[in-house]
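Here are my notes for a first look at this one. Have the model open while you read, and go through the points in order.

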Amino acid sequence: MVDIHRLRILCSVVAAGSLRAAADAMELTPSAVSQHLTALQRETGLTLLEKAGRGVAPTVHGQRLAERGEEVLAAMARVDRLVRDLRVGHSGSLSIGTFASASQHWLPTVVATLQREFPTTNLLIELTDPPVARVRPDIDIRTERRNAPPYAPPGITRVQLARDPFVAILPRDHPLAGRPEVAAADLSEDPWLHEFVGDGEAARIVEDVWRAAGIAPGTIIQSADHYGTIAFVAAGVGVSVMPTLAATDLPPSVVAVPLVRPDAERIIVAHVRSAVRQRPVVVRALELLREQGERTLQV
């Protein structure tokens with residue numbers, strides 16, 4: 001059986017990129033880290049690390065073992081939380097995965113209400129966009145494209161929460177800022193700020209907008225979050241589009257105008273582990289999330 005402590009050290013070395021950095025993070029000596037990794041290689045019969053310049057890098061086997069090791073460590077952390085909950089009298093826990101704008105505008109009210117109504121339930125909020133762990137939370141708030149077929153993996157119940165239309169984000173002094181709506185093609189000559197990195201659903205929606213409008217805007221800034229994008233718009237650097245929920249709190253120098261031709265939206269859903277779907281705290285959490293959707297968006 002693989003030693004959990006040595007597995008944790010391997011994961012730390014792979015994440016940190018060096019023995020010394022992992023040793024510092026785990027408050028061990030580099031020599032101790034090296035000895036544990038040597039023992040782990042011996043007990044697995046695998047070469048897990050190889051020299052890379054002045055440091056080390058994981059082999060293919062080491063990378064795969066570290067990835068699976070993160071799953072094991074996440075599961076062990078859940079067991080540890082359960083033990084702590086039982087020790088202090090909590091009746092259970094509820095984990096909720098979310099993305100940034102839902103975390104900002106929905107979750108504070110939802111969590112505060114759940115704490116009042118279920119004081120013996122331990123709540124854990126995780127940012128899952130992008131995923132940071134391979135263990136699914138009990139409730140995972142996710143987004144889908146409007147025309148994509150609804151999907152939920154085995155063991156998951158899909159619950160639709162709200163529809164989130166996209167808006168154009170413009171400087172207040174932009175020539176189109178006073179219009180009741182803005183067509184994407186009308187912004188074709190503006191420098192665009194592309195908020196979304198990678199191939200997430202929101203990024204695909206923005207690219208669908210460009211294709212449907214027949215434009216290929218010049219993207220001069222690519223930001224990892226809507227806060228940075230809004231700040232660039234406020235500075236007059238360019239324009240952008242984003243979901244309404246992300247554009248809820250804007251500075252005075254920025255306006256949000258409904259986007260049309262094409263109109264675009266994302267569907268906000270909850271992926272709920274079927275095993276916990278009927279728990280009272282889960283039922284109540286979904287009710288509260290729907291209420292937040294009704295308060296801030298279309299349903």
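Is Glu-27 buried or exposed?

1. Glu-27 is exposed, with a relative accessible area of 75% (buried means under 20%, exposed over 50%, partly exposed in between, using a 1.4 Å probe and protein chains only). You'll find Glu-27 in the loop between helix H2 (19-26) and helix H3 (30-44). Its phi is near 60 degrees, a positive value in a residue other than glycine.

2. A word on the source: this is a predicted model, where local features need pLDDT of at least 70 and side-chain atom pairs count only at pLDDT 80 or more, while totals for chains, interfaces and linings use all residues. Residues are numbered from 1 along each chain as its sequence is written, and side-chain values use heavy atoms, with hydrogens and water left out.

3. Now the whole chain. The protein chain has nine helices and twelve strands (DSSP runs numbered from the N terminus: H or I of at least four residues for helices, E of at least two for strands). Its C-alpha atoms fill a box of roughly 70 × 50 × 35 Å along the principal axes. Of its 299 residues, 41% count as buried. Take the contacts (heavy atoms within 4.5 Å) with a separation of 6 or more: 76% of them come from residues 24 or more positions apart.

4. Have a look at Ala-100, in helix H5 (residues 100-105). Ala-100 is partly exposed, at 34% relative accessible area. Leaving aside residues up to four places away in sequence, Ala-100 touches Leu-127 and His-226. Ala-100 and Asp-225 are 125 residues apart in sequence, yet their C-alpha atoms are 8.2 Å apart in space.

5. Next, a helix pair. Helix H6 (residues 107-117) and helix H9 (residues 280-296) pack at an angle of about 145 degrees, with axes 10 Å apart (axes are lines fitted to C-alpha atoms over the stretch in contact, and angles run from 0 to 180 degrees between N-to-C directions). Residues meeting across the pair include Thr-109, Val-110 and Leu-114 in H6 and Ala-285, Leu-288 and Leu-289 in H9.

6. Finally, check the loop between strand S11 (254-260) and strand S12 (265-273), where Pro-262 sits. The peptide bond from Arg-261 to Pro-262 is cis, with omega near 0 degrees. Arg-261 is in this loop too, with a positive phi near 45 degrees, and is exposed at 57% relative accessible area. For background, most residues other than glycine have a negative phi, and most peptide bonds are trans.
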